[in-house]
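Hi,

Here is the structure I promised to pass on. Have a look at it first, and then read my notes below.

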Amino acid sequence: MQKPKLSFSQIINMNVGFFGIQYSFGLQQSAVNPIYDMLGAAPDEIPILNLAGPMTGLLIQPIIGALSDSTWSDKYGRRKPYFFIGALMCSICLFFYPFSSSLWMAAGLLWVLDAANNTAMEPYRALIADSLPEDQYGQGFLTQSFFTGLGITLANLSLFVFQIFFKGTIGSLPMWVYASFFLGTVCSITSVLWSMSKTPEYPPSPEELAALKERNKGMPHPAVQFFLSILTTLIAYMVFLLLLVPSIFDRKIIRKTIHWAENNPTAKVLFAQNLEIIESIIQMPPVMWKLALVYLFQWYALFCYWQNAAKSIALSVWDATPSSDPAKYEEAVGWTGLVNGWYNIVTFLSAFFLVGMAKKFGPKTVHFLCLIMAGLGLIAFPMIENKYLLFAPMTGFGIAWASMMGVPYLLVVNEIPKERYGVYMGIINMMIVIPMILQTLTFGFISKNFLANDAGMAISFAGVLLLIAAAATLLIKENKNIDPEEVIVSSGH
């Protein structure tokens, strides 16, 4: 079906919901780790407390992507049911999060919040490809990138501004924390409802509908498929890993196993979308494996920054820690929100500029230079004692963040089959969250034994990893037949 072109206002309305989802992610980046600090977490405990984000991204986004690819309802559409449920759960979690009175409560709510965010995120990306003709992909995804920066910026600025107007504490946390999360509660659900009311979904063609019915033949309701897929994910991935060694001698053994499961009614129902995900992984184009190496160092480094930025600023500017001077640490958290808000402003201001640079010099060169700029900035970051000078390295970091959200997709976009758009977006997200999982499991040991639990050294360590990611970018072979104006823009995990 030929999709009609949409006006600029229609594209804006379609993407408004992304603003609320990204506000929530902004709070996770800048507010959750300081909350852990305020609730008494030790520095080497912070990484494992952040396991929720990458684990839920690994489990949920590929499954939701595959499910939404196979969904159609005349009443509710294809993608809308998923991001509505995700946004609703997100709003509920944001409302209750400031009431966390202990570490275990805050960590537990973060798991639910991240699951909700990932449920909303994956189908929202796919909605753009569903709704726009190809020559408007660039405008659609870059508008999504704009709302990514805007949502995260507002979340970070709220941490700074609300400290001025909301004094005192309620329970275990300062009052301004409640204000920031309550604003997120409103933004998440209202922005998504706005987009849902303004954006129709196009029904599949009769041929596509017939293919969907055939694919779903004998399968239970999508909600049942979702929970079965979650329960059997670890089993499916363990079998996949166990078959990797035998596949060296028999390259068809994994495919034969998938074929057997697809033709076994019980196995097909139990493993549901995991079969589609694993089959897509083994058919993944080589360039995506090379991108995975870049992402290994890139996203490990970013998680180190987000976990330690507030403590690093508190040490270098205020010479304070959460335990030595809680008041100064709160001030440092507010300033961290301002610094992180600044780099996100730079991100959405530079996104369109980077598309032109990628078209002129190639996406590999652009991403390489951006990672170099971000790496050097983070190495210098903990050495800066003037709080205003922190904006200098964060300007470079913001440009690099814009590149991370979009430019790497230029290297793989022509290699992704359109009929598997949802599942491959989920797999690319797996390439983001697996390094984060490794970070949560290993960085506590590294921080305690090699970095003396020093937040500044952790930030510099992240800078070195970004330089390694830059070097790995040079291993990727570019496809010269890609139009950067049709780039798919990501938004992190």
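S350 is in contact with G398, I399 and A402, leaving aside its neighbours within four places in sequence; contact here means heavy atoms within 4.5 Å. A quick note before going on: this is a predicted model, where local features need pLDDT of at least 70 and side-chain atom pairs count only at pLDDT 80 or more, while totals for chains, interfaces and linings use all residues. Residues are numbered from 1 along each chain as its sequence is written, and side-chain values use heavy atoms, with hydrogens and water left out.

S350 lies in helix α16. Helices are DSSP runs (H or I, at least four residues), as are strands (E, at least two), and they are numbered from the N terminus. Is S350 buried or exposed? Its relative accessible area is 8%, so S350 is buried. The cut-offs are under 20% relative accessible area for buried, over 50% for exposed, and partly exposed in between, with a 1.4 Å probe and protein chains only. A polar atom of the S350 side chain also lies 2.7 Å from the backbone oxygen of V346. That is a polar contact (a pair of N or O atoms within 3.5 Å; within protein, one must be able to donate a hydrogen and the other to accept it, and residues adjacent in sequence count only if both atoms are side-chain atoms).

The other serine, S316, is found in helix α15, residues 286-317. S316 counts as buried because its relative accessibility is 15%. Not counting residues up to four places away in sequence, S316 touches P382, I384 and E385.

**Two positive phi values**

Most residues other than glycine have a negative phi. D319 has a positive one, near 50°, and is found in the loop between α15 and α16 (326-361). D319 counts as exposed, at 67% relative accessibility. For N453, phi is near 55°, again a positive value in a residue other than glycine. N453 lies in the loop between α19 (421-450) and α20 (455-473), and is partly exposed at 27%.

**The core**

Which residues touch the most other members of the largest nonpolar core? They are Y36, M288 and Y305, out of 129 residues. The largest share of this core, 18 residues, comes from α15. A nonpolar core is a set of buried Ala, Val, Leu, Ile, Met, Phe, Trp, Tyr and Cys residues joined through side-chain atoms within 4.5 Å.

**Rings**

The whole structure holds 25 aromatic pairs. Rings of Phe, Tyr and Trp (its six-membered ring) pair if their centres lie within 6.5 Å; planes under 30 degrees apart count as stacked, over 60 as edge-to-face and the rest as tilted. F95 and F96 are edge-to-face, because their planes are at 90°, with the centres 5.2 Å apart. W306 and W401 also form an edge-to-face pair, at 5.6 Å centre to centre and 85° between the planes. W306 lies in α15 and W401 in α18 (residues 391-410), so this pair ties together parts that are 95 residues apart in sequence. Both W306 and W401 are buried.

Cheers
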